[in-house]
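Colleague: Hi! Could you walk me through this one?
Modeller: Happy to, let's look at it together.

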Amino acid sequence: MRHFTFVATVISIFILAICTTQVLAQEARFAIPLPLTGTNAKFGEIEKKSYEIAMEEINAAGGIKGRKIALEFEDSQGKPEISRSIAEKLIDVKKQPVIFGEYSSSSSKAIAAVAEERKVPYLVVTGATDDITQQNYKYVFRMNPTNAYYAVGLLSLFKEVVKPKSIAILYESSDFGTSGAEDMAKQSEKFGMKVLVKEQYEKGAVDFRPILSKVKAARPDVIYMVSYVMDAALLMRQIKELRIDANLYAGGAAGFAIPEFIQNAKEASELVMTATLWSPQIKYPGAVEYAEKYKKRHGDYPSYHGAEAYSALFVMKDVLTRAKAWAPDDIRVAMKATSMMTAFGPIKFEDKEGYTNQNFMDTLVMQVIKGKHETIWPQKYASAKYVYPIPKWRERN
Amino acid sequence: MAAQVELFLQTLIAGFLLGGLYALIGLGMALIMGVMRIINLAHGDLMMVAMYLAYWLFTLLGVDPYISVFVVVPLLFLFGCALQKFLITPVMKVESILPHNQVILTVGMAMVLSNLATVFFTGNYRSTPVNYASNAWYLTDYWKNAPIELSLSMPWSLSFLCAFIITVALWFFLTKTDTGKSIRATAQDIDAATLMGVNTNRMRMLTFGIGSALVACAGCLFIPIYYLYPALGKQFTNIGFVITVLGGMGSTEGAIIGGMILGIFESMTATYVGMGWAPLGRFAIFVAALVFVPGGVASLIRRKRLGR
Amino acid sequence: MKKLLLGLLILFLLLLPFLGLSSYIMHVLILVIMWSIIGMAWNVLGGYTGQVSFGHAAFFGVGAYTAGLLYYHLGMSAWWGIPICVVVLTAVSLVVGYICLRLRGAYFALATLALGEVCRVAAENMVWFTQGNLGILIKERTWIGKTWYYYVILLLAAGSYLLIKKVMESKLGYYFVAIREDQDAAESLGIDTTFYKTIALCISGVLTGIAGAFYMNYMGYIDPGIVFSLSDISILTVMVVMVGGVATFGGPTMGALIMVFLAEIVRSTPKIGAAHQTIFGILLILIIIFLPNGVVGDFRKIVKFFKPKRTRA
């Protein structure tokens, strides 16, 4: 008899839980999946703050079609399976007609699969791995350039200024790192640059010196690294310590493109270049104002991820204003027809070179000059002149 | 040719310095394991706690991490004692089907510690950018025409030196002082020790405290050369138990040798096999030790000593 | 009475998809059932035979990758993963057993933990084989709705439950428990402990692997960090069984129910969401101290807690 009461209690709690979740599902707002905890929390935070700034500006100008937006953030903890459940929840329970958000490549990939399956449009904001828009998905749109294009600006700098003959590639073992490295390796072959070393490391590695010694022994012209911020800082510090002299140190965006890199690597970061998608000085409309507003509020310039998030909301505003109705298929049609300029750059979704619904834009190169990130290439976007060749470690200070 | 020699020597130096630090981490865990027969899977997280303390001392009060050792280590000692008294001892008394409860308990502790750190301090990476962080001594500065260039990192060497001093101090403590001898007695045979008048509960508490203090020390020495985030405990716990098994459960000399071996092995693997495989190398050596030399290095020493 | 309740429960479970629950809740339920399979599998090795494994992610991940790689390299439907992983996982279990089963107690736990991590790092590095951290993505999953997945996993769970019950009620079951209680005594009574431990390990590994293959089919995307994860799979397995009740039949299911629901509820609550590991950790500690045999195993203790006055003289 006691067993029965126990089982009955459990089942009732169970049913109660179900009902509660159903009730909570009635609101009509936009929920954005982001990694707010976990290893990518930092970038999740930058994007969240940027979405909020954009939301305020849009609401101040009257909202979308007269309706004010409200944003909610769902924490995916940086795990693709949680992003996937969040996407399913948004579509099935909250009946959101469009999804946008997420930071990492693997999470974006997981959500893209769900969106395509459920026929709900999904705007990829930051996820960079190429295969997300190489699947012929009709419902997935990506506004940010893919990994293959991250280094386009950097490569044109190589071609015209640096002219390297060999390269060493170090990358973290994530989706982002792996695809960035593979792309650089492919491009190097096309350029006639010999890939002397290509090594992956696990994020959070303590000691890069063994692998760096190997790089030193190989004497590459360029050392190219695809890392997040702490590994980036540690790599440069250890490169300085080992006095590895290459003609150029270049990063594949991510960790190399944010201010923390300079703060943590200190002198070791000087004159390091990096591919980047955006910079706080760039002349796209609204970019400088957004960067300054973010800095005033949060103490530091935002990374390009922030600019992506900020602009994403403006893209959504444009799409939702043009859409016949706020239903998945109408939104998809409106999104396909997008052609606008944002603080992040021009946005137009095209089907070309094997990609579907992909935005193509120029990528830039920044260099750390006197402790600050300056845009140096292409020259039409430059805020300062590039420094090349760079002095050897021993000759510095 | 010179490049290969340089590569080898530089890797060896890196491995050596890394080994010193590893040894300090393993030492604490070995001590705890020897006396209390507990595998402390929260060991790395205790190190993380120590590192956060050192970080805040640096950021808020400008205290250099090497100096903060004097503050952080005693604090962690007390914390370790408290953990032992309030959490571990109750578990040791509990009757259950599975006797592995203390291991699972330490897993729970690890989860709580690392998550609380995330909640309070956010997942942001922190570091203590001291000015001498990438300074090093270079061979060519002293020997002008050396065929190869070798660099010896200043902070790493300093950490190694401190680790060495502490190990020697610990050895003195364990062999020459009364308390130290009581601890070793408790490790050897707890019942006999109790019969001889040793307060074994107290010794247990002290041991956990000392173990925590040791790993706290490693943390402070480590923060200038690395960085800090709440989840870092896990990889150091892994390193800790690999060393403990390599060295021989409960043996302090074994842990030191085990740490050095692991450091050098990892560096060599990173250079000659590939850096992505280094963590695998760590576990490979662990499993190999478990299977082929279950008593660890300590048993090899013992065998040699006994002339077998 | 018991039979009637059981019958009602089975009917309820079979008709569940028709209650019109949201697909989100169905998703959680499917996870609960999957975790109860994993929990029951672990229980065979851990609860009944006394070999505590901290590396069950190895089996789960191998199962998931078997299904995924069949799809990726050979273009077969990933569902073939389920029958094929029986073979694959038996082989893997034999290897794992050969390395680890000679170790006792905590050493065994550590060795399995290490092997779980070895599998993860290997999967990450063997990019040519597993795609490394790019993961494996199934472009068109078999069904979009949850209903059929629910029935599949329910079938798998029922099958596992019956298999384990059969095994534990046979001589094998007694051998397992004998090994747990005192391995040396069992050995001296003529029980070939290594052989039986290996059988327990194989059963445990195969069932976990099947759950993994299901996961690949259901989620459609896996990568080494997900399926070989120490904290999300291996430790969660231990928690599910410890919380539910080691060495009981209903324990793992109860544990799966509690842990998965708890995980979802905690994660959805905005303020507390970030602290969910803390809550789990504290829960684990409390269970270890007060209810070491889990909710089902120490059921009497819970009952006693709610009715204190009666037992006092």
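Colleague: Great! How many residue pairs are in polar contact between domain 1 of chain A and domain 2 of chain A?
Modeller: Six residue pairs, with both residues at pLDDT 80 or more. Keep in mind that this is a predicted model.

Colleague: And which helices of chain A each supply at least two residues of the domain 1 side that touches domain 2?
Modeller: Those are α2 (41-60), α4 (105-118) and α5 (147-150) of chain A. The most comes from α4(A), which gives three residues to that side of domain 1.

Colleague: What classes of residue are on that side of domain 1 of chain A?
Modeller: You'll find eight nonpolar, seven polar and four charged residues there.

Colleague: Okay, salt bridges next. How many does the rule find across the interface of the two domains of chain A?
Modeller: The rule finds one. In a salt bridge, the side chains of A:Lys42 and A:Glu260 meet at 2.5 Å, N to O.

Colleague: Let me step back a bit. Where are the two domains in chain A?
Modeller: Domain 1 covers 2-148 + 284-359, while domain 2 covers 151-276 + 363-395. Their centres, taken over C-alpha atoms, are 31 Å apart. The contact takes 19 residues from domain 1 of chain A and 20 residues from domain 2 of chain A.

Colleague: What area is buried between them?
Modeller: About 1,500 Å², with carbon and sulfur atoms giving 53% of that.

Colleague: Which three residues supply more than any other three on the domain 1 side?
Modeller: A:Asn147, A:Ala148 and A:Tyr304, which supply 34% of the area that domain 1 of chain A buries against domain 2 of chain A.

Key:
Residues numbered from 1 in each chain as written. Chains lettered and ligands numbered in written order. Predicted model: local features only at pLDDT ≥ 70, side-chain atom pairs only at ≥ 80, totals over all residues. Heavy atoms only, no water. Domains from an automatic or database assignment. Contact = heavy atoms within 4.5 Å. Buried area = accessible area lost by both parts, 1.4 Å probe. Salt bridge = Lys/Arg side-chain N within 4 Å of Asp/Glu carboxyl O. Polar contact = N/O pair within 3.5 Å; in protein donor to acceptor, adjacent residues only side chain to side chain. Helix = DSSP H or I, 4+ residues; strand = E, 2+ residues; numbered from the N terminus. Nonpolar A, V, L, I, M, F, W, Y, C, P; charged D, E, K, R; others polar.
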